[in-house]
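Please look through the model below before reading on. My notes follow it as numbered points.

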2 protein chains.
Amino acid sequence: MIVHISFCLWECIGRRSGGGRVPVQSEGDRALVRVQDLTPEKADQLIWLRARIHTSRAKGKQCFLVLRQQQFNVQALVAVGDCASKQMVKFAANITKESIVDVEALVRKVEQKIESCSQQDVELHIERIFVISQAEPRLPLQLDDAVRPDGEGEEEGRATVNQDTKLDNRVIDLRTTTSQAIFRLQSGVCQLFRDTLTKKGFVEIQTPKIISAASEGGANVFTVSYFKTSAYLAQSPQLYKQMCICADFDKVFCVGPVFRAEDSNTHRHLTEFVGLDIELAFNYHYHEVIDSITDTMVQIFKGLRDNFQTEIQTVNKQFPSEPFKFLEPTLRLEYTEAVAMLREAGVEMGDEDDLSTPNEKLLGRLVKEKYDTDFYVLDKYPLAVRPFYTMPDPNNPKYSNSYDMFMRGEEILSGAQRIHNAQLLTERAIHHQIDLEKIKAYIDSFRYGAPPHGGGGIGLERVCMLYLGLHNVRQTSMFPRDPKRLTP
Amino acid sequence: MIVHISFCLWECIGRRSGGGRVPVQSEGDRALVRVQDLTPEKADQLIWLRARIHTSRAKGKQCFLVLRQQQFNVQALVAVGDCASKQMVKFAANITKESIVDVEALVRKVEQKIESCSQQDVELHIERIFVISQAEPRLPLQLDDAVRPDGEGEEEGRATVNQDTKLDNRVIDLRTTTSQAIFRLQSGVCQLFRDTLTKKGFVEIQTPKIISAASEGGANVFTVSYFKTSAYLAQSPQLYKQMCICADFDKVFCVGPVFRAEDSNTHRHLTEFVGLDIELAFNYHYHEVIDSITDTMVQIFKGLRDNFQTEIQTVNKQFPSEPFKFLEPTLRLEYTEAVAMLREAGVEMGDEDDLSTPNEKLLGRLVKEKYDTDFYVLDKYPLAVRPFYTMPDPNNPKYSNSYDMFMRGEEILSGAQRIHNAQLLTERAIHHQIDLEKIKAYIDSFRYGAPPHGGGGIGLERVCMLYLGLHNVRQTSMFPRDPKRLTP
């Protein structure tokens, strides 16, 4: 018996007989099996399964389906015979791709491995099939096209899907094995970040995103209408992390959105991204802060390597890349050493010039060649290229106690020892021609005793992109925002 | 020898000799002891400690200090004698309250317990003292006043601090034992929420806060200037959570800011708060969703009860309240039962009327009396009072498959089974006179197969407030935002 119940799903779903909107009360006794659990041990069992129709191919008196749950799929067959009528085969063949179905089926071991499915040793012989949710017949993109590596199948005229089409139809694109793997790994990065810091005694804080004054100078900030006045979106939790340190929380972290009204249309800029932020008081030297952050990154890299191999390999199938390499302890170079390495490679630059993006990438390659690591810290940036709240180097006023961290030659973290004295902070703000009135609350935070402290902000999407060796940060943002994209 | 090094802290801090800005390189061998570890086992040891001056009282040739680290404090003494000169005692007496100092001191067991300190069995005999960061002499509020219970000490003319003064000077107010306890507990709520859901197989997602269209109807939404156009701040991650369900993530959660441009100046409304959001596909009945959420709440309550007793008791000292009670399994009442209980208590209301805030509170008291629980679910709200995307009750079109959850009589979560069919969603949007063009992307998400699903959003600040029996949500928001407050 076949029943089509598409959209009349109410409180109870999965009915045995069709028509009308009267729900049948208890299907709760029907245990649903997961696709990944369909192994030869289940052979000859009659099971229930809920899954999407991944592909469908009718062939005479049979219809071959591939049923999918996230990254797992299994072959299924509806064939005219004892259990299925001709009409049922026809009905099954007409169910649109991406529809969600409930099937009752016999698990059968197969002689020859089914190479195209994740469950290679069994197939399902369907006895009943219900449509739980029907997809429209015309999909905006095909999942198989969306996971095809660039260039592959070009000769056969097989399509790939360009990035804008993927992002315009993100709900479909996120169903691909590649996207499922990327965002499961991203969830893992957040968890590893927090778990590592919690173990180190850090406290999680929640900082406001609507702020009254632009904390970092006023450029590149989004304005919000706030009742009868206006406000800004926080470019970072910087001020609030520091206030928490002044408020005796000692070591804090936060995970949340940060906003940059920068009209940059590059592979690595977003107008909204997720910041993994750290701030901590230190005892004697700001390298205690660097060590705490690099150790956290190393714990993340190890956790990904040890617990997310399936996801890494799934992404690699579509986007091949070298495994991510890191050292223990983390390599720390001084800015002057980096400038020397670049000059040796033919780059012309002054001692206090900032690194351009191409020079950062080149430096990444030089460091990889020399030290065999994809992760390192560049310490002691020239004071002139850092924000006003950066602590100058006590030994050389041209430099500062600040650092960036790099993965595969791209910056993923910027940080520093912060000035914790209101008078010095005022001097530096004046030097940077910042309107003192606008940052009064910030400066006042340091008037009632503030411990020496430092920290940094990590871009979650960049960490995921660079760890996986991807080339566009939009691939690691579920619903990316850039100057030209506000939807979906 | 005494040294005052206040703000000349650079790369290395804690210098042996004062003056100038030449840093002494290695103090890193000086291990700092934590106040909470100062117990009789350390008696007669010479230790180093970094802490704030909590109080200071000079008395002849002696100066009594209380040194504080977060919620822990210890008595310390500088006395003229072998180790300290008259000048040193005078210097110590002049260090302003809230300044941060390094002291070298001998730990001494005391005969009589020091009731006013957390470390009651020892005191410190200071031999050297360094100022690490000096506080301005006039504090905007006194910590002892800020933790005084309402009414206590009124006869002696002792002050308490009103809420606006506390919030205006939040950096100082957050140093109190009460604030330290509240926000350490809040950090725990987030951790328990995520850990419980991760164990249940949920995936953490990051959803955009800048959105192109107001997802929930258009009222109470903040507008953002977005390059040459304008955008909105998300009132909830509702649409994006649901899109993730349509994108096969099956069970998702997120923790992040939500924004409400509501001009409500009450004890429980903020314009920006932290949402703990859940969304999941279910198999047969939306009560699977309710069960998953209530179990998560119960795990949070148990985790707080078992791991945060010190924090709970610290807050109770200033704000006494009854211990939070909950049942297992969680009590679930239907809306009609609640209306009957209220009517029996003399309230006049129609079957389909929404609950007013006073009636919610009254209901909370009635439920507590009858069932002895501070936490329960109210199920099957009238359809008319819920948003357009709420699934109607299949058995009675006046009601819906939606629910609120309450703690101590106040709502902390609103949730529902969502309509997962584009056609029904369109019908309900038209019924609510919503401009279809504006929610096109939302409706389109359900066109390519969507599983039945439901979820809810929890207000973090409310959960903390109500669990602790506090009376204002601003107490559980580090830097609260309301129509009248945008700073600090």
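The points below cover confidence, the contact between the chains, and ring pairs.

1. This is a predicted model: local features need pLDDT of at least 70, side-chain atom pairs count only at pLDDT 80 or more, and totals for chains, interfaces and linings use all residues. Residues are numbered from 1 along each chain as its sequence is written, chains are lettered from A and ligands numbered from 1 in the order in which they are written, and side-chain values use heavy atoms, with hydrogens and water left out.

2. On confidence, pLDDT is the predictor's confidence in each residue, from 0 to 100. Chain A has an average pLDDT of 91, and 93% of its residues score at least 70. Residues 1–25 of chain A, however, have pLDDT below 50; this stretch has 80 contacts in the model beyond near neighbours in sequence (contact means heavy atoms within 4.5 Å). Where pLDDT is low, the predicted coordinates should not be read in detail. The scores for the model are ipTM 0.93 and pTM 0.94.

3. How many residues does each chain bring to the contact between chain A and chain B? Chain A gives 109 residues and chain B gives 109 residues. Together the two chains bury about 9400 Å², with 60% of it on carbon and sulfur atoms (buried area is the accessible area, with a 1.4 Å probe, that two parts lose on being put together, summed over both).

4. Between chain A and chain B there are 8 salt bridges (a side-chain nitrogen of Lys or Arg within 4 Å of a carboxyl oxygen of Asp or Glu). A salt bridge also joins the side chains of Arg447(B) and Glu136(A), at 3.3 Å from N to O.

5. Over all chains, the structure has 36 aromatic pairs (rings of Phe, Tyr and Trp, the last by its six-membered ring, with centres within 6.5 Å; planes under 30 degrees apart are stacked, over 60 edge-to-face, the rest tilted). Tyr286(A) and Tyr403(A) are stacked, 6.3 Å centre to centre with 5° between the planes. Tyr286(A) is in the loop between strand E13 (272–281) and helix H7 (287–307) of chain A and Tyr403(A) is in strand E16 (residues 402–407) of chain A, so the pair ties together parts 117 residues apart in sequence. Helices (H or I, at least four residues) and strands (E, at least two) are DSSP runs, numbered from the N terminus.

6. Are Tyr286(A) and Tyr403(A) buried or exposed? Both are buried (under 20% relative accessible area; exposed is over 50%, partly exposed in between, with a 1.4 Å probe and protein chains only).
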